[in-house]
Amino acid sequence: MPKSCAAQEGFDMQKELRLSGSGGQGVITAAIIFAEAAAACGMNVAQSQSYGPEARGGASRSEVIVSSDAIYHPHVEHPDIVLAMTQAAADKYAGDLDDADGILIVDSELVPHVPHAAHIVSVPITTLAIEQLGKALFANIVALGAITRIADLVPLSAVEAAVQNRVPPHTVEQNMQALMLGYEAAAESKV
């Protein structure tokens, strides 16, 4: 197990995450990076995705299951955490959240009507990407930082390594900044 994963020794549970938005927002890439970080830490992982026929602009969702045991059913039915990057995604995908403990993370600027959830975390994900990094392109990594902090499943250092391995080399520095923006913004939001 990599040194960056030492904090996860003794991990004993299963968590289901659903990342949703519209095509082009990068929720699938964010889910893949999170899954790769968890796998690098020795956890069992199942990752899947779906998107509307429009691809860019249509509905997009990606799911990740992280478990200390074998994963026999790789489909998320009642996610522990849902990320909604658009109002349509919140309306469509937040309804399956666990009623007692489910956490809904929303992009506060793009989800004005937040559905009911046991716990709601509102972060200006896209606004942070635009104002701090100059491009909405980094919103998915800002969201990944927020998920990393809130889920508390995979150490930040493991996610950083996975981001570095996945993004184009000339964007690594900006993506690291985006990851930290989301990580820090999630710390300021109440769960």
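Reader: Which classes of residue make up the lining of the second largest pocket?
Author: This is a predicted model, and in it the lining of the second largest pocket has five nonpolar, four polar and one charged residues. The residues concerned are Thr29, Leu137, Phe138, Asn140, Ile141, Arg166, Val167, Pro168, Thr171 and Asn175.

Reader: And what volume does the second largest pocket have?
Author: Its volume comes to about 180 Å³.

Reader: Take Asn175 from that list: buried or exposed?
Author: Asn175 counts as buried because its relative accessible area is 5%, which is under the 20% cut-off. The residue belongs to helix α6, which covers residues 172–188.

Reader: What does Asn175 touch, beyond residues up to four places away in sequence?
Author: With those left out, Asn175 touches Phe138, Ile141, Val163 and Val167. Between Asn175 and Val142 the C-alpha to C-alpha distance is 8.2 Å, although 33 residues separate them in sequence.

Reader: Changing topic, which residues have the most contacts inside the largest nonpolar core?
Author: They are Phe34, Leu144 and Val154, in a core of 52 residues. Leu144, setting aside residues up to four places away in sequence, touches Ala30, Ile33, Phe34, Val159, Val163 and Leu179. There is also a second, separate core of 11 residues, with Ala89, Tyr93, Ala94 and Ala117 among them.

Reader: Last one, where is Thr86, and what is it in contact with?
Author: Thr86 sits in the loop between β4 (81–84) and α2 (87–93). Apart from neighbours within four places in sequence, Thr86 is in contact with Gly21, Ser22, Gln25, Leu110 and Val111. With 16% relative accessibility, Thr86 counts as buried.

Methods. Residues are numbered from 1 along each chain as its sequence is written. This is a predicted model: local features need pLDDT of at least 70, side-chain atom pairs count only at pLDDT 80 or more; totals for chains, interfaces and linings use all residues. Side-chain values use heavy atoms; hydrogens and water are left out. A nonpolar core is a set of buried Ala, Val, Leu, Ile, Met, Phe, Trp, Tyr and Cys residues joined through side-chain atoms within 4.5 Å. Buried means under 20% relative accessible area, exposed over 50%, partly exposed in between (1.4 Å probe, protein chains only). Contact means heavy atoms within 4.5 Å. Helices (H or I, at least four residues) and strands (E, at least two) are DSSP runs, numbered from the N terminus. On a 1 Å grid over the protein atoms alone, a cavity is a set of points where a 1.4 Å probe fits but cannot get out, and a pocket is an open set with protein on both sides within 12 Å along at least five of seven lines; lining residues have an atom within 4 Å of a point. Grid points are joined across faces, edges and corners, and a volume is the space filled by probe spheres set on the points. Ala, Val, Leu, Ile, Met, Phe, Trp, Tyr, Cys and Pro count as nonpolar, Asp, Glu, Lys and Arg as charged, and the others, Gly among them, as polar.
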